[in-house]
Amino acid sequence: MSTAYCACELAQKLGGELRGNPEASVTGVASLAEAGSTDLAFLGNNLYRDAVLPSAAAIVLVPADFTPEPPAGRAWIVCANTSAAFSEVVDLFAPPPVVFAPGIHPRAVVAADAQVDDSAHIGAGAVIAGGAGIGANSVIGANCVIGEHTQIGSDCLIYANVTIRERCRIGNRVIIHSGTVIGSDGFGFIPGRDGHRKIPQVGIVQIDDDVELGALVAVDRARFGKTWIKRGSKIDNQVQIAHNVIIGANCLIAGQCGFAGSCEIGDNVMFGGQVAVVGHLHIGDGAIIMGKSGITKDVPPGSTMFGIPAVERKQFARNQLSLHRIDKLVSQVRELQARLDALQAATNTAP
Amino acid sequence: MSTAYCACELAQKLGGELRGNPEASVTGVASLAEAGSTDLAFLGNNLYRDAVLPSAAAIVLVPADFTPEPPAGRAWIVCANTSAAFSEVVDLFAPPPVVFAPGIHPRAVVAADAQVDDSAHIGAGAVIAGGAGIGANSVIGANCVIGEHTQIGSDCLIYANVTIRERCRIGNRVIIHSGTVIGSDGFGFIPGRDGHRKIPQVGIVQIDDDVELGALVAVDRARFGKTWIKRGSKIDNQVQIAHNVIIGANCLIAGQCGFAGSCEIGDNVMFGGQVAVVGHLHIGDGAIIMGKSGITKDVPPGSTMFGIPAVERKQFARNQLSLHRIDKLVSQVRELQARLDALQAATNTAP
Amino acid sequence: MSTAYCACELAQKLGGELRGNPEASVTGVASLAEAGSTDLAFLGNNLYRDAVLPSAAAIVLVPADFTPEPPAGRAWIVCANTSAAFSEVVDLFAPPPVVFAPGIHPRAVVAADAQVDDSAHIGAGAVIAGGAGIGANSVIGANCVIGEHTQIGSDCLIYANVTIRERCRIGNRVIIHSGTVIGSDGFGFIPGRDGHRKIPQVGIVQIDDDVELGALVAVDRARFGKTWIKRGSKIDNQVQIAHNVIIGANCLIAGQCGFAGSCEIGDNVMFGGQVAVVGHLHIGDGAIIMGKSGITKDVPPGSTMFGIPAVERKQFARNQLSLHRIDKLVSQVRELQARLDALQAATNTAP
């Protein structure tokens with residue numbers, strides 16, 4: 001942790017252009033605001049442009065269009081993607097990651113007919129039910145519960161206290177954070193005033209390769225068939241995915257979104273936080289749904305939506321503007337009334 | 001799983017009228033869109049009316065008012081409730097449900113003075129504290145934690161990784177999905193600028209017969225007395241129920257709703273997803289609260305509410321309409337101004 | 001639990017003024033609505049003013065400005081803070097709290113190089129990883145998982161099934177309710193249409209003294225540096241705190257709020273439920289954010305905000321009012337048109 005790197009060395013590693021003091025030296029990373037004189041920081045968001053010069057950071061990674069020169073003693077390294085470059089530097093200083101050694105912890109409970117690859121790690125207190133399969137190099141964290149006949153691929157990282165119920169299918173390189181629940185029953189009832197009759201939920205959940213699920217996410221099993229999250233989608237904490245939902249490939253879904261039953265999301269769709277999508281809707285490829293929106297109709301590909309109920313972002317802006325025109329309208333109408341009164345008096349045409 | 005059923009056989013089982021090919025045969029179920037030529041599908045929602053004819057499904061369960069004839073080789077079965085009938089067919093093809101054998105897993109930890117019925121199942125890693133009671137045929141999933149003196153009735157199904165704290169009371173036939181927490185402290189503090197003093201939360205949670213709670217639901221214990229969910233209510237994933245809330249009988253509450261302290265919900269109330277209810281309010285029997293609403297006042301029985309703050313659905317629609325009338329108003333006022341200018345000029349009455 | 005207290009005794013204990021029957025006697029506490037004739041209740045919220053006289057409660061704690069006299073046989077005790085006084089009475093009748101005896105349960109799994117104070121309680125099934133430290137009198141509930149090198153101070157109460165990942169720092173007297181996850185990866189990716197590249201999240205979470213976190217809260221670790229919750233803040237169930245967020249001291253955050261990455265909250269800020277805050281924003285000291293708001297801009301200290309996007313509460317009220325003026329505007333404009341038509345006809349000045 002006490003290794004030091006100089007600006008010249010880092011510029012070379014990152015393939016960036018060095019400005020200012022090549023001997024500026026750092027032993028850690030920090031944000032612009034928090035950096036001390038031995039830290040490296042980065043400008044990844046124009047919001048923080050004015051924070052670069054006042055920062056104490058010895059070295060700052062900046063984009064090409066950042067023109068001010070570094071003050072005496074400090075250095076900039078110009079990078080095409082400052083955020084990616086910063087991650088590389090972070091790795092230099094990062095503590096070694098936790099190592100999950102292959103093998104089954106003696107305090108894990110693995111059914112006799114479960115298939116656990118020798119290279120997999122099964123943590124203390126984890127419970128692997130009958131017929132389940134755990135692929136090569138996958139990690140099942142402490143106190144996880146993996147249900148009957150559930151199949152988990154290779155190179156997965158399932159953190160502590162995750163629950164995956166029976167017969168689900170998890171691909172390769174899937175990351176699932178703690179507290180997440182996969183395969184709980186869908187919310188389906190035949191309603192009646194004297195009691196609601198449960199509709200059996202006998203389908204499964206399928207999660208494809210390279211998906212990441214945050215902490216405390218809920219993904220319900222299908223009524224029949226499957227609830228399906230396709231390849232490469234990344235889902236933040238506390239998201240709720242109901243039965244028979246299909247999430248397309250490479251979606252980005254921020255925290256606390258909720259997807260009602262059987263809605264179908266295209267590929268490369270982005271969701272801000274706390275969005276809700278009504279059941280049985282389609283959202284087209286590449287759409288952007290802004291935070292807190294409530295989607296109540298199908299969304300065409302490529303649209304940007306906002307509001308409750310959500311409308312095209314431009315329409316939302318127009319509505320907001322309209323609201324602000326009311327005050328002016330009120331005074332205009334008052335003025336018209338006065339003028340008309342005066343005119344009627346002048347022309348002696350009482351109403 | 002490879003059993004095949006023909007249309008004539010299924011029509012008889014379901015008590016439905018057969019149309020088309022009586023020999024049409026299926027080996028599984030699927031949605032209209034996903035069905036292959038050996039699947040049975042159903043039309044449960046008019047949204048999907050136009051998907052019946054193009055579907056490959058050999059057999060489709062349809063309502064009486066669906067008039068098109070089945071294409072050659074295919075069959076319809078006319079059912080009074082296609083969704084209920086479909087569930088019956090799903091059961092024919094469903095994999096056998098997981099069996100939870102009676103007995104205490106050797107890796108469970110059960111206090112000496114806990115009362116566990118011989119027919120109950122206590123999963124691996126489950127912890128049952130002193131004085132707790134588990135009724136006949138109830139299942140406590142792996143790694144659950146059941147607190148001191150908590151009583152769980154008979155025929156309950158508590159999935160893995162559920163936490164129920166001390167002195168709570170759970171009725172019979174209650175289903176609780178994974179990750180749910182019952183009996184955590186209510187959020188109560190005496191605020192102060194130099195620190196907030198915790199108000200003791202010494203009440204309990206009572207959950208009556210036939211309630212179902214989804215995954216990752218939070219139900220706080222009462223400050224005193226009880227937080228209470230009455231008979232037959234069904235609650236979806238990630239719902240938050242604060243201290244001293246009363247949820248009436250047979251409510252249906254969709255995902256991610258939040259109920260603040262001491263609010264009281266009548267019987268047969270329905271909530272869309274992500275609704276919030278302010279503390280100390282009453283919602284009358286049979287009300288419908290649409291998704292994403294924020295309830296800030298008492299709601300009379302039978303009302304349908306929407307918006308933030310929520311108003312009667314009709315009022316919400318009127319407000320939306322008003323917003324769209326502003327553009328027209330602006331041009332009308334402009335026109336009036338021009339006419340008045342012209343009239344003043346014509347009558348030589350300068351203002 | 002069968003101890004009885006008379007009004008005179010309780011008035012003395014609470015330092016309150018006694019009105020009515022000094023011999024009125026109680027054996028328990030309840031709300032005004034639920035109280036029977038042997039219960040004590042309190043008037044803590046003016047909403048319930050009209051419930052005092054009809055209540056069956058033998059004794060009611062009332063504020064000084066409550067003037068009606070107690071009916072025959074009943075008593076009031078006048079208290080400066082009825083809610084605080086009620087908590088004292090609740091304690092008299094409360095069942096004894098659960099006792100967590102010092103020591104490591106034989107079914108816990110504690111790494112050889114973890115440092116657990118002799119006075120700490122480690123519950124059954126809890127897993128304490130290498131290098132972790134648990135301070136004096138702290139309780140780690142059953143089936144919790146504490147990661148590598150995480151440090152937990154003294155007098156902490158971590159309820160069952162909590163997950164805290166590696167290298168986090170928890171202060172003293174911190175309470176964490178069940179199901180909560182601390183230190184999961186921040187949601188950070190370099191987006192690309194053919195897949196999103198994960199940005200390493202190598203920072204930590206720091207939680208200062210006297211913080212309380214509800215059930216099923218998610219607090220992500222920082223991308224670098226720390227996600228930080230400062231001294232004395234109280235956070236309700238199911239709140240989501242993203243990477244690099246800073247929550248100031250003594251904040252009160254109601255259930256299901258979400259804080260996006262790097263936002264910074266001042267001291268003594270209050271949040272209603274289901275609020276969302278966009279990333280990289282600042283909220284000033286002492287602000288009040290009303291429930292369900294979406295904060296999309298910096299908030300000055302002391303402001304009260306509401307709406308999506310949120311505006312000053314007064315502005316929100318004005319906007320609502322404007323909406324209700326539209327109907328009137330429409331009829332006024334119609335009337336002006338008619339008058340102008342008539343005037344033009346009368347003055348023979350056709351347009």
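Q: What makes K226(A) count as a charge that sits over the ring of W228(A)?
A: The rule asks for NZ of Lys or CZ of Arg within 6 Å of the ring centre and within 35 degrees of the ring normal. In this predicted model, the charged end of K226(A) is 4.2 Å from the centre of the W228(A) ring and sits over it. In chain C, K226(C) lies over the face of W228(C), also at 4.2 Å from the ring centre.

Q: What should I keep in mind about numbering and confidence?
A: Residues are numbered from 1 along each chain as its sequence is written, and chains are lettered from A and ligands numbered from 1 in the order in which they are written. As the model is predicted, local features need pLDDT of at least 70 and side-chain atom pairs count only at pLDDT 80 or more, while totals for chains, interfaces and linings use all residues; side-chain values use heavy atoms, with hydrogens and water left out.

Q: Why is the pair of F224(A) and F86(B) called edge-to-face?
A: Rings of Phe, Tyr and Trp (its six-membered ring) pair if their centres lie within 6.5 Å; planes under 30 degrees apart count as stacked, over 60 as edge-to-face and the rest as tilted. By this rule there are 21 aromatic pairs over all chains. The centres of F224(A) and F86(B) are 4.7 Å apart and the planes stand at 70°, so this pair is edge-to-face.

Q: How do you know that this pair joins two chains?
A: F224(A) is in the loop between β26 (218-220) and β27 (226-229) of chain A, whereas F86(B) belongs to helix α2 (residues 82-93) of chain B, so the pair joins two chains. Here helices (H or I, at least four residues) and strands (E, at least two) are DSSP runs, numbered from the N terminus.

Q: What makes F42(B) and F86(B) a stacked pair?
A: Their planes are 20° apart, with 4.3 Å from centre to centre, and that makes the pair stacked. F42(B) lies in strand β5 (residues 39-42) of chain B and F86(B) in helix α2 of chain B, so the pair ties together parts that are 44 residues apart in sequence. Elsewhere, F42(A), F86(A) and F224(C) form one aromatic cluster.

Q: Are these phenylalanines of chains A and B buried or exposed?
A: Buried means under 20% relative accessible area, exposed over 50%, partly exposed in between (1.4 Å probe, protein chains only). F224(A) has 6% relative accessibility and counts as buried, F86(B) has 0% and is buried, and F42(B), at 14%, is buried as well.

Q: How do you know that the buried residues of α1(B) line one face of the helix?
A: Helix α1 (residues 7-14) of chain B has A7(B), L10(B), A11(B) and L14(B) as its buried residues. Seen down the axis, they fall within an arc of 105° (taken from the directions from the helix axis to the C-beta atoms), so they line one face. Just after the helix, G15(B) takes a positive phi of about 65°.

Q: What makes β18 and β21 of chain A paired strands?
A: Two strands pair if DSSP finds at least two bridges between them. Strand β18 (residues 163-164) and strand β21 (residues 181-184) of chain A are joined by 2 bridges and run parallel. The partner of T163(A) in β21(A) is V181(A), and V181(A) in turn stands opposite A218(A) in β26(A).

Q: Why are β10 and β36 of chain B called edge strands?
A: In chain B, 9 strands form an open sheet with parallel pairing, in the order β10-β13-β16-β19-β24-β27-β30-β33-β36. β10 (115-116) and β36 (282-283) each pair on one side only.
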